Amino acid sequence: MPVPSAGGADGPVRQAAEAFAAELIRLRTAARLSQLALAQRLGYDKTYVTHLERCTQAPTKPVARQADEFFGSGEALTRLWRAYHTARTASRRQQSQRPTSQAPPRPAPAALHSTLPRDIAAFTGREGELHRLLRAAEDGHAPVISIHTVDGMAGVGKTALVTHAAHQLAKRYPDGHRFVDLHAHTAGQPPADPADVLATLLISIGISPQNLPDTLEDRAAMWRDRLSGSRMLLILDNAASPDQVEPLLPASQECLVLVTSRRRLIALDGAEPLPLDTLPPDQAARLFTRLARRAPTDTDHRAVIEAVRLCGHLPLAITLLASRLAHHPNWDLTTFTDEFATAQDRLGELETSDRAVAAAFDLSYQDLPPHLQHLFRHLGLHPGPDIDPYATAALTNVPLAQARRHLETLYTDHLIEEPTPRRYRLHDLLREYAHTLTTHDPTETRAQATQRLLNYYTHTAQTADHHLNNTPSPDTRTIPAPGAAPELTTREQALTWMRTEYPNLLACAHDTITHAQPTHHLHHAAALAHAMAAFFDQDGYWTIAIRLHQTVTHTSRTLGDLRAEATALHDLGLVWQRRGDFPKVEELAQRAYDLYHALGNHYGQANTLLTLGRVRQLMGDYPKAEELAQRAYDLYHALGNHTGQAHALRSLGWVRQRTGDYPKAEKLAQHAYDLYHALGNHYGQANTLLALGWVRQRTGDYPKAEKLAQHAYDLYHALGNRYGQGHALRDLGRVRRETGDYQTANKLIQRAYNLFQALGNRYGQAIALRDLGLVRQRTGDYPKAEELAQRAYDLFHALGDRIGQGHALRDLGRVRRETGDYQTANKLIQRAYNLFQALGNRIGQGHALYDLGRVRRETGDYQTANKLIQRAYDLYHALGNLQNEAWALLELGRLSTAVREFAPAADFLDRSLAWFHDVGHGQGEAEALAATGDLQAAATGPQPALDTYHLALTLACQIHSPLDEAHALEGIARSQAHTDTQAAIISLREAVTIYRRLGAAETATNYLTQLEAGQA
């Protein structure tokens, strides 16, 4: 609006405008700013500032307030604007009161029917949003006016959507269609004054300019009156605020109003909001190909998907990028996308002569007050995918409540998104824009902000790790507490926080390590990586953990931080232990130990000795494992660290259990439990109760084993430790499996699996699937057993756990053996053996050799079978593994019986039976009795064998082992056949029924047929 010239009634108006201009010039000069610099700070074009200072453009209230806030001049310019506004209103009133004879009346302007811009020819997608707007016309007969606000970030396609909708709705609104740009974010222009907008609207419907009311209120009233009973479509584009929109709204319920804004117009009463997000990937790809005028090939299609992803699926960015390609029909699409992906200034690539993504972002940014500009820039320093108020408070150094309010404001202005409650993220291109803005901030300011963020994440991660990691820390360096942090008082809270934040923690650690220098705080990043180690271990993020710890190891070595290097080496070794690469674990743990030893760090030495001992235990080197665990115990004892002592005692107990020294194993585990109990360490107590339960399981004391596992479960439950609950449920299920209560066993282990699945713990899921498969194998449900074992294998393979893969292959091989598919069984178990051999896992090799021997025996290759079982026995004996020695002796007895070497067979079976009986291993004893019956039948005749088979049957029934029942019944039948054919047939029918129900391989059916035909 131009300023009137001096003289007459317009003199005071000109004087007020000149006073405003003079004060603006004074403030700008005092701030040492050019007109261009001031325009950039306020978000306007330089020509607008020039016109204000020359009085060729009328001042507005928004620009006055914005300049006052920028200069800190109180209300100096706002007061001068009020003086101008008062003078202008008085001048208009005087002009309207002049006699009509002074000038001939102007003719009434012609009424316009439609001012809609042209429709968008390439409009693509948005079917759901478009349907909502079109449906609004059908609801237009409601008792109130229909108002719909379409809000979204810059460039998301708000105007395109409402324009396209308006053209489809036009015929339903016969009284006209109006499109008004309210200029909330228009370069070089302030937001439109509602009074001026109403003047334009009233004139467009035929009101003469000299008949326009002077005040905003009167113009709004006239607008509502003239539209009463009309059906008009009104689009208010680029709205700044509810206050700007409210006076422009018709009162007629027959009208439809569509409003677009970069802000959420929360205070606009009665409006239906339609937030507009970026395009879905498929719609974004369609828009790109349509604008690029390409018919993409399969290869091009992948390039299109990548191009729109790099554009963040933002319509404006896609339009600009595709339009560039459209003008170069000979350009290769894949090459074009690759060049865009590697561009240093991606935002610079997204502009044309009159449109640019960065320019659209500039307008939104410049509209923010300084404190929100500061926050928005700092969000560009955050390396992770999203942020919460706590991290924001640390990054920007403001109180938590203020950070929450500021984030909410940016969300309202569509400068950030809120994908989940209280978690915010920047669109990819806005992130790049914000990061570009930070380059104008002082280097020290940026460094302080990122250091505060790193401190916050590291301190809070260490707090969470306190609930997840039970190992004494070798690093005593403390991280300063942030101003605000979430309360993490339980393990569940700690896990939830870690699962939510780990992508940010990971990004922060990598970002810090990448830019680390000796003068920077690398140890913060190393401490952050260490604080994530236990979480990554428990939740199975082993590949991620390996990359992180390798990076920390390399950087620490480069910068000479030996303590950080040692910790990272040890953490890396623990991950490789999960992956089953024991030689690598030993190498890494030894390197860590050597560094800790050089530093004189006794905690670090003790921790690594414990790890070296566990590796040796897993590799079957029990004497060395015991020696290392004892050295760890001695170090913890010298340090007075009772927690470490308890850990070492538990490891010593596991070694004794593996070697079959169950009394000593129980004594060591009990000592560890007493230490944990004295410390009030309930988690350690629960873990040790499981170890004690394992001893009782191995010795056949199933009631006590069940009681211990239940006690452990109750402790885990009280702690809110669902991971521990899962393991306790597995142990309870195994007890039930060993006692033949397969239905309950299946339910318990399924509960464990469900817990691990809910936790996202893939390792827990894999071992639970193995347990479930073994239950199904025992009950003869071989198809299901095979499916479960395969699922377990697939999970172990995804985790990179080669030991787990080996055991799952053994499970698959046993299923095939028991269903008579000996060739496949042999291949699967051989693969398992090769894996164990490559890993140096001797106990695994022994198991695989034993399984291979059983396959060979059942196919009649007794010589090869004997060699394989003897090799397994020798390995078990060398390892001191008494339980598996007993199983190998049982198998050697069967083989000797098969080749009629009765004396050695009797020796093998007697030794096996004695061990199983002494420790109370029901299933082993039942199998050994049945094998002894086979020996007696072959060596001395059916009568002695019959009594032994009955003992085996009784025991098999007691432990609910149907397969052992069938074996015993078959032995009874073969013994009875010599004296009582009818009794033999009855027993054999029972056996065959069980075999068939289980789907087990057997030869009893043919023998039954012979008996029934009288051919036996």
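Predicted model: local features only at pLDDT ≥ 70, side-chain atom pairs only at ≥ 80, totals over all residues.
**View 1. Helix α28, residues 622-639, from end to end.** Residues are numbered from 1 along each chain as its sequence is written, and side-chain values use heavy atoms, with hydrogens and water left out.

**View 2. The two sides of α28.** Which residues of α28 are buried? They are Tyr-622, Ala-625, Leu-628, Ala-629, Ala-632, Tyr-633, Leu-635 and Tyr-636. Buried here means under 20% relative accessible area, exposed means over 50%, and partly exposed is in between, with a 1.4 Å probe and protein chains only. Looking down the axis of α28, the buried residues fall within an arc of 165 degrees, so they line one face of the helix; the arc is that of the directions from the helix axis to the C-beta atoms. The general rule behind such patterns is that an α-helix has 3.6 residues a turn, so residues three or four places apart point the same way. On the face turned away from the buried side of α28 sit the exposed residues Pro-623 and Ala-638.

**View 3. Neighbours and ends of α28.** The buried residues of α28 pack against α27 (602-618), α29 (642-658), α30 (662-679), α39 (842-858) and α40 (862-879), where contact means heavy atoms within 4.5 Å.

**View 4. Helix α2 and Phe-71.** In α2 (residues 35-42), the buried residues are Gln-35, Ala-37, Leu-38, Ala-39 and Leu-42. Gly-43 follows α2 and has a positive phi, near 85 degrees. Phe-71 belongs to helix α4 (residues 61-71) and is buried, with a relative accessible area of 17%. Leaving out neighbours within four places in sequence, Phe-71 contacts Leu-24, Leu-27, Arg-28, Ala-31, Leu-33 and Leu-38. Phe-71 and Leu-24 are 47 residues apart in sequence, yet their C-alpha atoms are 9.8 Å apart.

**View 5. Aromatic pairs.** How many aromatic pairs does the structure hold? There are 20, counting rings of Phe, Tyr and Trp (its six-membered ring) whose centres lie within 6.5 Å, with planes under 30 degrees apart called stacked, over 60 edge-to-face and the rest tilted. One of them is the tilted pair Tyr-365 and Phe-376, 5.9 Å centre to centre with 45 degrees between the planes. It links Tyr-365 in helix α16 (residues 357-366) with Phe-376 in helix α17 (residues 370-379), 11 residues apart. Tyr-365 is buried at 7% relative accessible area, and Phe-376 is buried at 0%. Another pair joins Tyr-502 and Phe-535: the ring centres are 5.8 Å apart and the planes are at 45 degrees, so this pair is tilted. Tyr-502 is in helix α22 (residues 491-514) and Phe-535 in helix α23 (residues 522-539), 33 residues apart. Ring pairs also link Tyr-502, Phe-535, Phe-536 and Tyr-541 into a cluster.

**View 6. Arginines over tyrosine rings.** Arg-264 lies over the face of Tyr-411, 3.5 Å from the ring centre. Arg-404 does likewise over Tyr-390, at 5.9 Å from the ring centre. A charge sits over a ring if NZ of Lys or CZ of Arg is within 6 Å of the ring centre and within 35 degrees of the ring normal.

**View 7. Gly-813 in helix α37, residues 802-818.** Gly-813 counts as buried, at 0% relative accessibility. Apart from residues up to four places away in sequence, Gly-813 touches Ala-825, Leu-828 and Ile-829.

Definitions and conventions:
Helix = DSSP H or I, 4+ residues; strand = E, 2+ residues; numbered from the N terminus. Expected span 1.5 Å × (residues − 1). Polar contact = N/O pair within 3.5 Å; in protein donor to acceptor, adjacent residues only side chain to side chain.
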